[in-house]
Amino acid sequence: MTDSLDVKAYMAELGRNARQASRVIAATPSGVKNQALLAIADALDNARATLTTENQKDLEAGAANGLDSAMLDRLALKPSTIDGMIEGLRQVAALPDPCGEITGLSYRPSGIQVGKMRVPLGVVGIIYESRPNVTIDAASLCLKSGNAAILRGGSEAIHSNRAIASCLQQGLKAAGLPDTVVQIVETTDRAAVGELITMPEYVDVIVPRGGKGLIERISNDARVPVIKHLDGICHVYIDDKADLEKAFAIALNAKTHRYGVCNAMETLLVAESVAANILPRLAVAFGKKDVELRGCEKTRDLINANIATEEDWATEYLAPVLSIKVVAGLDEAIDHITRYSSQHTDAIVTEDFTRARRFITEVDSSSVMVNASTRFADGFEYGLGAEIGISTDKIHARGPVGLEGLTSQKWVVLGDGHIRQ
């Protein structure tokens with residue numbers, strides 16, 4: 001598949017298949033969908049050796065092509081990663097099926113009953129980079145929520161994704177479902193993305209997961225609605241009423257648990273009255289993990305750090321780099337977050353209930369946390385089983401997008417021969 005006409009025809013075929021499959025999966029009972037999910041989990045468990053072998057091909061190619069350590073970490077299918085995929089499938093199978101739920105059913109003066117039924121979106125296109133485990137997260141959530149899916153992973157994970165796709169097909173067939181319910185884009189030609197995001201006749205929503213450049217391109221060029229977030233500029237604010245032991249653990253975890261993820265802390269804000277008590281200790285801990293520190297003048301009076309520029313406050317590093325600012329208190333912290341946050345995830349560490357309430361009320365992010373690491377901003381951790389992505393939009397879905405975020409609602413009217421007078 002080398003020329004653009006081939007890609008166009010191929011993507012149109014995937015779209016037609018997905019549209020047909022969407023009608024089948026929308027009418028599939030929960031028990032059958034759960035059977036497919038559990039069969040996929042078993043197929044993954046049985047294919048561990050193959051998954052590892054195929055993933056190694058991608059890792060070797062990635063290293064040869066100069067992928068950095070953070071990207072290679074996202075690409076790796078470790079035994080724990082495979083365990084997580086299997087557990088995610090089983091969790092999604094155990095979750096209540098949102099489809100068909102009718103809420104708000106009430107009688108109107110005319111005698112009719114009016115309510116809303118939750119229904120699938122239809123066909124979901126997912127475009128993502130590096131992480132092959134996203135293939136399972138996306139497929140499981142789309143399947144359980146009654147949607148067909150077209151998955152386009154990055155070329156760097158093509159061998160891993162093909163191996164995972166084989167497990168998906170085994171599970172779907174075991175449950176008697178068409179394997180076109182979940183389709184993997186087999187070509188690595190970048191033109192496939194351009195086709196996928198401009199097929200509104202076949203695709204109902206696009207979910208991009210990847211770098212800012214990818215998401216900006218898709219948002220600008222798509223003719224299909226997009227669920228997205230551009231940046232993960234996440235903050236942790238250590239209040240002067242914080243338990244400093246909690247604050248130390250949370251700040252260290254939020255930054256160093258993993259670097260190349262959207263819910264990692266990129267800026268640490270510290271109340272001036274406690275900065276001298278906690279920043280030197282944190283600086284030592286960050287230094288042991290080779291984190292480069294960039295700070296304001298007050299920060300640099302307390303610890304060894306490079307000068308933080310205006311650009312630093314607005315940067316998602318996805319790397320072992322951290323900006324630190326000493327602030328007067330809660331008001332300045334909220335002001336800073338309001339100015340620089342990407343509305344992804346922001347956290348406060350405090351023992352003051354009133355300040356915690358102010359923070360969660362006034363900070364306008366998709367996840368706002370009290371005394372917890374920003375690393376918890378994740379569908380799996382939120383009990384969604386998995387997530388198809390994180391949305392910082394305010395319409396339809398916000399934050400980690402799970403089953404409910406992949407559905408819509410339609411009005412349902414029940415009558416018994418009623419006519420409008």
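**Salt bridges, pair by pair**

Mentor: Happy to. Arg48 counts as partly exposed because its relative accessibility is 26%, a value between the 20% limit for buried and the 50% limit for exposed. Keep in mind that this is a predicted model. The side chain of Arg48 meets that of Asp45 in a salt bridge, with 2.8 Å from N to O. Asp45 is also classed as partly exposed, because its relative accessibility is 34%.

Next, have a look at Arg258 and Asp73, whose side chains form a salt bridge at 3.1 Å, N to O. This pair ties together distant parts of the chain, 185 residues apart: Arg258 belongs to the loop between α10 (244-256) and β8 (265-271), while Asp73 is in helix α4 (residues 69-75). With a relative accessible area of 26%, Arg258 is partly exposed; Asp73, at 30%, is partly exposed too.

Another link of this kind is the salt bridge between Asp393 and Lys228, where the closest N and O atoms are 3.2 Å apart. Here the partners are 165 residues apart and again connect distant parts of the chain: Asp393 lies in the loop between β14 (390-391) and β15 (399-400), and Lys228 in the loop between α9 (212-221) and β7 (234-238).

As for the overall tally, the model has 28 salt bridges, counting a side-chain nitrogen of Lys or Arg within 4 Å of a carboxyl oxygen of Asp or Glu.

Note on methods: Residues are numbered from 1 along each chain as its sequence is written. This is a predicted model: local features need pLDDT of at least 70, side-chain atom pairs count only at pLDDT 80 or more; totals for chains, interfaces and linings use all residues. Side-chain values use heavy atoms; hydrogens and water are left out. Buried means under 20% relative accessible area, exposed over 50%, partly exposed in between (1.4 Å probe, protein chains only). Helices (H or I, at least four residues) and strands (E, at least two) are DSSP runs, numbered from the N terminus.
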